[in-house]
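Colleague: Could you take me through this structure? I would like to ask about it piece by piece.
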Amino acid sequence: MSSSTTTQTYVPKTRVGKVTDYVDSRVGGSGIVKEFGRKIFPDHWTFMFGEVALYTFVILLISGTFLTFFYDPSMAETHYEGSFLPLRGVEMSVAYASSLDISFDVRGGLFMRQIHHWAALLFVASVAVHMLRVFFTGAFRRPREFNWVVGCTLLILSLAAGFTGYSLPDDLLSGNGLRIIDGVMKAIPVVGTYLSFFLFGGEFPGTMIIGRLYVLHILLIPAVILLLIGIHLFMVVLHKHSQFPGPGRTNTNVVGYPVGPVYAAKAGGFFFIVFGVLAAIAAAFTINPIWNYGPYDPSPVSAGTQPDWYIGWVDGALRLMPGTLGDNFDFEFMIPFPWGVNALSLNVLIPALVPAMIVFTLMFAWPWIEAWVTKDKREHHLLDRPRNAPTRTAIGVAGVTFYCVLWAAASSDLIATHFLVSLNDVTYWLRFLVIFGPVLAFMVARRIALALQRKDREIALHGRETGRIVRLPHGEFIEVHEPVDDYKRYKLVAFESPEVMVPAPDADGKVGRLDKVHGRISRFFFEDRVAPVTPKELAASHGDHHGEIAGAKDRESIASH
Amino acid sequence: MADSSHGAPGTSVTVATPGSELDSFANPGLPPHRPRLADRDRRAEKRAERQVALLFIISVLGTLLFFVGYFFIPLDQTIERLRLQNLMLGLGTAFAMLGIGVGIVHWAKTLMPDHEVTENRHAIRPESDRQDAEKIVNDILEESGIKRRPLIRNTLLGAAILAPLPAIAIFRDLGPLPGNALKQTMWDTGVRLTRDPSGTPIRASDVTVGSAFHVIPEGLNEVEHKLEEKAKAVVLLMRLDPEELNPSPGRENWGYDGIVAYSKICTHVGCPVALYEQQTHHLLCPCHQSTFDLEQECKVIFGPAARPLPQLPIEVDDEGYLVASSDFQEPVGPSFWERG
């Protein structure tokens with residue numbers, strides 16, 4: 001970055017010149033303007049998910065700050081005296097009472113609560129969808145691996161932010177959520193009971209947990225999120241944004257619109273659009289009507305309640321895990337030790353930890369796993385269309401399927417009551433699907449990706465079907481194909497298609513064990529492949545008929561297939 | 001999947017090693033720029049300008065709507081009025097924001113230049129910088145002498161490992177140690193079963209066949225740590241035909257004439273097992289659908305729980321009220337390591 005180069009002799013003449021000179025000669029802003037004022041950002045609708053995540057976070061900070069002015073994170077007992085008549089005189093915590101006051105006695109408070117909750121749901125959703133975009137387009141490849149890891153961490157933090165916030169109103173639902181957390185925590189071997197007592201300040205529910213979650217929710221977690229967002233965006237600028245392949249786009253350039261004025265206007269305007277959409281949702285759709293639930297009490301519970309969507313998959317896993325198999329086997333083991341018997345509750349530990357561990361481990365490690373499989377250490381600034389990386393896409397779809405089955409399982413009771421089927425049958429089906437669904441999804445997704453690639457090949461080689469049927473003089477009917485132009489064709493052929501890497505023997509003529517494994521995995525990844533069309537193929541199948549609506553030559557190409 | 005179909009129709013295709021110029025298409029470069037309507041037609045340009053201004057005016061109206069809702073919809077303790085105010089505040093904000101946002105985006109898309117610009121990427125790290133940086137780091141290490149002085153290095157390492165331990169230990173007072181807290185509840189010999197939440201005692205004769213009561217121990221509402229005690233002590237009381245119960249040896253007298261009491265806290269992760277299916281004599285936890293069968297001493301017959309609900313032994317006192325014969329014979333609620 002060039003530093004301030006103001007000289008003594010420079011006398012600004014315009015107003016802009018005066019202001020910038022005043023600032024620049026003190027803090028040196030010219031370099032920043034020069035670097036960013038016309039920086040190029042590529043444009044694609046899928047690049048907006050990350051923006052949505054950023055903007056919803058800003059909206060969360062704004063609405064959340066408002067809420068902190070009225071919310072009181074105390075679990076002291078009080079009797080409600082506010083405007084909501086059905087709960088008048090009911091014993092409850094100060095936290096719940098102040099949440100009711102925000103809803104009923106602070107003008108605009110309910111609106112702020114609603115926009116905060118909706119924004120939180122959208123925040124986690126947009127982070128997740130953004131990560132899916134990055135995964136399916138291969139944007140995590142070198143040099144962006146670290147930024148992928150920062151993103152994964154942000155996803156976990158956004159879940160933590162969501163859950164800690166969900167618990168704050170101290171209503172019946174959030175209290176039951178905490179009760180489940182307490183139950184899961186106690187299942188952890190050796191230290192579980194202690195963790196629970198330390199977190200809750202004694203026995204559940206205690207009088208400490210809301211205040212502690214509050215500090216995590218409004219201070220620690222948002223501060224770390226903010227820091228990581230800073231690092232995330234710093235790396236985006238450093239790497240420059242990736243772009244889809246296409247005419248004019250190469251691995252060494254960026255094609256798009258300059259920050260000023262176009263991109264700043266579009267991105268800045270988009271913030272207001274996200275805000276506006278959230279405001280409209282908060283205006284029209286009630287979320288978390290805590291006054292219907294009542295204060296937390298360990299005894300009552302309502303049927304058919306749902307956690308916030310992003311917690312659903314863990315709750316679903318808890319539901320799907322059988323506690324017992326048959327009459328004689330259960331997943332809670334009593335382990336005899338010299339000092340006594342200890343309990344190991346695998347029926348809780350497995351569903352609470354294993355799916356999350358699988359998903360997050362694969363997610364964090366994926367850039368290095370894939371780089372090992374492809375042995376590809378080059379920098380990638382051009383994205384993959386998902387169909388052009390069929391195995392990666394299929395693995396991603398398998399992961400999404402696994403997640404979605406668990407997520408659906410969190411609503412197993414509602415599925416049963418809405419579709420009038422047996423709750424037990426729903427559970428049995430979902431148990432089957434959580435194991436075999438990802439396998440099926442993998443196979444189907446890979447086939448679809450390969451089929452789409454074949455379709456691209458057809459179009460690149462023979463052009464688009466016009467739907468025009470022509471009868472030739474000797475009576476044959478053909479459909480006329482219209483060749484695509486160079487730009488369109490380039491989009492269809494500009495991709496890399498890695499091939500199976502056969503393990504090479506070393507100097508002694510031996511193939512190492514790891515090399516063999518690598519060979520097998522490489523075969524699994526790249527055996528089924530559709531190669532991009534080459535100029536030679538195009539020439540062979542068509543001859544040169546650019547720009548002409550084909551007749552006889554198309555007949556040949558149709559006849560040959 | 002054992003198939004290995006190559007996608008190339010017709011001749012089998014060997015494709016080019018990535019990057020080879022001969023076998024791949026040349027990049028045709030950016031397509032020619034296509035002017036928009038507003039670039040060519042003065043009237044269209046003016047129209048777009050008016051549309052943007054109109055959107056900004058809609059934003060102004062939205063802000064006004066917000067103020068109308070805020071100042072002219074007095075809350076009167078009804079949900080309907082609150083909803084109306086919420087709707088006006090929300091729609092006002094929505095129009096205010098969407099007007100600005102859509103207006104600016106429309107402005108950018110119709111009136112600002114839409115020529116795509118190409119910028120070259122720079123190497124993330126020029127080789128000369130790397131060499132300089134490596135030299136600097138080496139110089140720093142050398143000048144600090146950390147490699148040459150293992151005594152300093154090792155003592156620092158030891159100190160650095162120990163120093164954070166107080167930061168962990170200082171969290172010790174976050175909570176008391178569990179002790180026996182999870183193994184005992186308020187129930188004890190002679191403690192009356194009372195209704196939740198009123199605390200009125202229950203006579204055996206009040207409990208008709210087929211009925212169920214949500215029960216708390218007598219005096220719960222007066223204790224200091226009410227919620228903590230309640231989270232362990234809540235009980236479901238049901239009366240069945242005595243012949244439908246099949247008590248195991250030693251538990252025959254834990255009930256009274258078909259009346260049985262079971263812990264309401266699920267042995268899975270602690271939700272209240274609040275649903276009693278009267279016809280089938282099943283108890284269902286609404287959180288994760290663990291199902292317990294009263295006819296088999298609340299054995300788990302479905303779902304993720306692994307242990308039966310603990311039974312509270314009960315009897316009837318001189319005045320005909322139901323009382324506990326003792327505390328639960330095992331810890332209630334979710335499992336924990338020390339449960340044993």
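Modeller: Let us begin with a term: pLDDT is the predictor's confidence in each residue, on a scale from 0 to 100. The structure is a predicted model, and chain B has an average pLDDT of 90, with 94% of the residues scoring at least 70.

Colleague: Where does pLDDT stay under 50 in chain B?
Modeller: That is the case over residues 1-20 of chain B, for which the model has 27 contacts beyond four places in sequence.

Colleague: And what are the ipTM and pTM scores?
Modeller: The model has an ipTM of 0.89 and a pTM of 0.91.

Colleague: Which strands of chain A and chain B pair with each other?
Modeller: Strand 4 (residues 253-258) of chain A pairs with strand 1 (residues 117-120) of chain B, in the antiparallel sense and over 4 bridges. Within this pairing, A:G256 has B:V117 as its bridge partner, and A:V254 has B:E119.

Colleague: Which strand of chain A is joined to strand 4 of chain A?
Modeller: Strand 1 (residues 40-41) of chain A is joined to strand 4 of chain A by 2 bridges, and the two run antiparallel. There, A:I40 stands opposite A:P258.

Colleague: Why is strand 4 of chain A described as largely enclosed?
Modeller: A residue is buried if 20 or more other C-beta atoms lie within 10 Å of its own. In strand 4 of chain A, 5 of the 6 residues are buried, so the strand is largely enclosed by the rest of the structure.

Colleague: Let us stay with strands, but in chain B. How many residues of strand 5 of chain B are buried?
Modeller: In strand 5 (residues 259-263) of chain B, 5 of its 5 residues are buried. Both of its faces are covered, with B:I259, B:A261 and B:S263 on one side and B:V260 and B:Y262 on the other.

Colleague: What are the partners of strand 5 of chain B?
Modeller: Strand 4 (residues 235-239) of chain B pairs with strand 5 of chain B in the antiparallel sense over 5 bridges, and B:L236 has B:Y262 as its bridge partner. Strand 10 (residues 311-312) of chain B is joined to strand 5 of chain B by 2 bridges, also antiparallel. In that case B:A261 stands opposite B:L312.

Colleague: Now the helices. How many residues has helix 6 of chain A, and how far does it reach?
Modeller: Helix 6 (residues 145-167) of chain A has 23 residues and reaches 34 Å from its first C-alpha to its last, close to the expected 33 Å. Its buried residues include A:W148, A:L154, A:F163 and A:Y166.

Colleague: What do the buried residues of that helix pack against?
Modeller: The buried residues of helix 6 of chain A pack against helix 5 (109-136), helix 7 (172-186), helix 9 (209-239) and helix 12 (346-374) of chain A.

Colleague: At what angle do helix 7 and helix 8 of chain A pack?
Modeller: Helix 7 of chain A and helix 8 (residues 192-200) of chain A pack at about 145 degrees, with their axes 7 Å apart. Among the residues making the contact are A:D182 and A:M185 of helix 7 of chain A and A:L195 and A:L199 of helix 8 of chain A. The contact residues divide into 4 nonpolar, 3 polar and 2 charged.

Methods. Residues are numbered from 1 along each chain as its sequence is written. Chains are lettered from A and ligands numbered from 1 in the order in which they are written. This is a predicted model: local features need pLDDT of at least 70, side-chain atom pairs count only at pLDDT 80 or more; totals for chains, interfaces and linings use all residues. Two strands pair if DSSP finds at least two bridges between them. The expected span of a helix is 1.5 Å times one less than its number of residues. A residue is buried if 20 or more other C-beta atoms lie within 10 Å of its own, exposed if 12 or fewer, and partly exposed in between; C-beta atoms are placed from the backbone. Two residues are in contact if their C-beta atoms, placed from the backbone, lie within 7 Å. Axes are lines fitted to C-alpha atoms, for helices over the stretch in contact, and angles run from 0 to 180 degrees between N-to-C directions. Ala, Val, Leu, Ile, Met, Phe, Trp, Tyr, Cys and Pro count as nonpolar, Asp, Glu, Lys and Arg as charged, and the others, Gly among them, as polar.
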